[in-house]
Amino acid sequence: MGESVQPGPGMAGVSASEFLDTAISEPSPGTALLTVRGEIDTLTAPTFTAAADELLATPADTLVIDLTDVRFLASSGLAVLISAAHRAEERAVRLRLVVPTRAVRRPIEITGTGPLFDLHPDLASATGGRD
Amino acid sequence: MSDLSSPTPADALDGASTVEVRTSASAALIPTIRAVASDLAARADFDLDAISDLRMAVDEACATLVDVASPTSWLHCTFLVRPERIEVHAQVQTKHADAVVSTDTFGWRVLQTLADEVAVHHDPGRGDTSPTVEIRLDKRSGDVLR
């Protein structure tokens, strides 16, 4: 899993949230996991989109996005999640999200988009069991 | 150079605390403005959901404005902190008077859901003043009736 790049002295004025950590893994056969860390906003949405595309390109029948370490989710990030959920549905897979924190749960709650996903409080429950 | 449409501290005669933040109109600086919004809401005893909503609403407003801002524009945010609500005015200059904010987007609908009130105002500018766009939003501190 990659390390976040922190801004150095030569990057004054650039926020650390410009960098988003994403990693795809296969915790068990048939399960693809996208782990995201950082803040998902206008600046980092393209990175998140690319990672979601990569997740959906896997042949797995269990798709999980772990948002445990996502500190902020903008509407652009929520739009990526919604689009990913629809694409997963096209192959009869429900997208699972690990959403233990308010920063991610609240945007989903307040927009009423919860029913699009299988929401889980931790990674173990999201990756365990079968659909 | 004052923004004629922005409230000055003297306008907030109802005792609101005023905080102004001015940055380059760049997406890289929006996280800083989000941090200010969160901080003010937390200190004003907003409930946790309201803090999250305000932070996301401010982010949405700023991102929307940065998208139409001219390259040399400032992003100017004014926070009016009142006992049970925070009012936010965010403004940028645009290159042309016809640079408009679309209210027909997913992001705008999310903003309307997050904030208790939200409005956009386009000012075409006059003479040598640039056209500007301003988004104003209001967020109450919580659901509890007091």
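Select helix 2 (residues 48–68) and helix 3 (residues 106–114) of chain B. Their axes come within 9 Å and cross at roughly 145°. This is a predicted model. Helix 2 of chain B passes helix 3 of chain B in a left-handed crossing.

Now show the residues of this contact. Helix 2 of chain B brings B:D53, B:M56, B:A57, B:E60, B:A61 and B:T64. Helix 3 of chain B answers with B:G107, B:V110, B:L111 and B:L114. Colour the contact by class and you get 6 nonpolar, 2 polar and 2 charged residues.

**Two stops in chain B**

Go to B:D45. Which loop holds B:D45? It is the loop between helix 1 (30–43) and helix 2 of chain B. B:D45 is not a glycine, yet it has a positive phi of about 60°. Is B:D45 buried or exposed? It has 12 C-beta neighbours inside 10 Å, so B:D45 counts as exposed. The cut-off for exposed is 12 or fewer.

Next, pick B:D138. This residue lies in strand 5 (residues 132–140) of chain B. It has 17 C-beta neighbours inside 10 Å, so B:D138 counts as partly exposed. B:D138 and B:V118 are 20 residues apart along the chain, but their C-alpha atoms are separated by 6.5 Å. Which residues is B:D138 in contact with, leaving aside its neighbours within four places in sequence? They are B:R85, B:E87, B:A115, B:D116 and B:E117.

**Across to chain A**

Show both chains. Here 18 residues of chain A are in contact with 19 residues of chain B. On the chain A side, helix 2 and helix 3 (102–110) are the elements that give two or more residues. Helix 3 of chain A supplies the largest share, 5 residues. By class, this side of chain A has 8 nonpolar, 5 polar and 5 charged residues.

**A helix pair in chain A**

Select helix 1 (residues 45–57) and helix 2 (residues 75–89) of chain A. Their axes come within 10 Å and cross at roughly 15°. The two helices are therefore roughly parallel to each other. Helix 1 of chain A passes helix 2 of chain A in a right-handed crossing.

Show side chains at the contact. From helix 1 of chain A, pick A:A45, A:F48, A:T49, A:A52 and A:L56. From helix 2 of chain A, pick A:S76, A:G77, A:V80, A:A84, A:R87 and A:A88. These contact residues divide into 7 nonpolar, 3 polar and 1 charged.

Follow helix 2 of chain A into the loop between it and strand 4 (96–98), and stop at A:A92. A:A92 has a positive phi of about 60°, although it is not a glycine. With 8 C-beta neighbours inside 10 Å, A:A92 counts as exposed.

**The sheet of chain A**

Finish with the strands of chain A. In what order do the 5 strands form the open sheet? The order is 1-2-3-4-5, and the pairing is mixed. Strand 1 (21–28) and strand 5 (118–120) of chain A each have a single partner strand, so one side of each is left without a neighbour in the sheet. On average, neighbouring strands of this sheet are turned by 25° against each other, direction ignored.

Zoom in on strand 1 and strand 2 (residues 31–40) of chain A. They pair in the antiparallel sense over 6 bridges. A:A23 stands opposite A:T35 in strand 2 of chain A. Now bring back helix 1 of chain A. This helix packs on the sheet and touches strand 1, strand 2 and strand 3 (62–73) of chain A. Its direction makes about 175° with that of strand 2 of chain A.

Key
Residues are numbered from 1 along each chain as its sequence is written. Chains are lettered from A and ligands numbered from 1 in the order in which they are written. This is a predicted model: local features need pLDDT of at least 70, side-chain atom pairs count only at pLDDT 80 or more; totals for chains, interfaces and linings use all residues. Axes are lines fitted to C-alpha atoms, for helices over the stretch in contact, and angles run from 0 to 180 degrees between N-to-C directions. Helices (H or I, at least four residues) and strands (E, at least two) are DSSP runs, numbered from the N terminus. Angles under 35 degrees count as roughly parallel, over 145 as roughly antiparallel, 65 to 115 as roughly perpendicular and the rest as oblique. A crossing is left-handed if the near helix is turned anticlockwise from the far one by less than a right angle, and right-handed if clockwise. Two residues are in contact if their C-beta atoms, placed from the backbone, lie within 7 Å. Ala, Val, Leu, Ile, Met, Phe, Trp, Tyr, Cys and Pro count as nonpolar, Asp, Glu, Lys and Arg as charged, and the others, Gly among them, as polar. Two strands pair if DSSP finds at least two bridges between them. A residue is buried if 20 or more other C-beta atoms lie within 10 Å of its own, exposed if 12 or fewer, and partly exposed in between; C-beta atoms are placed from the backbone.
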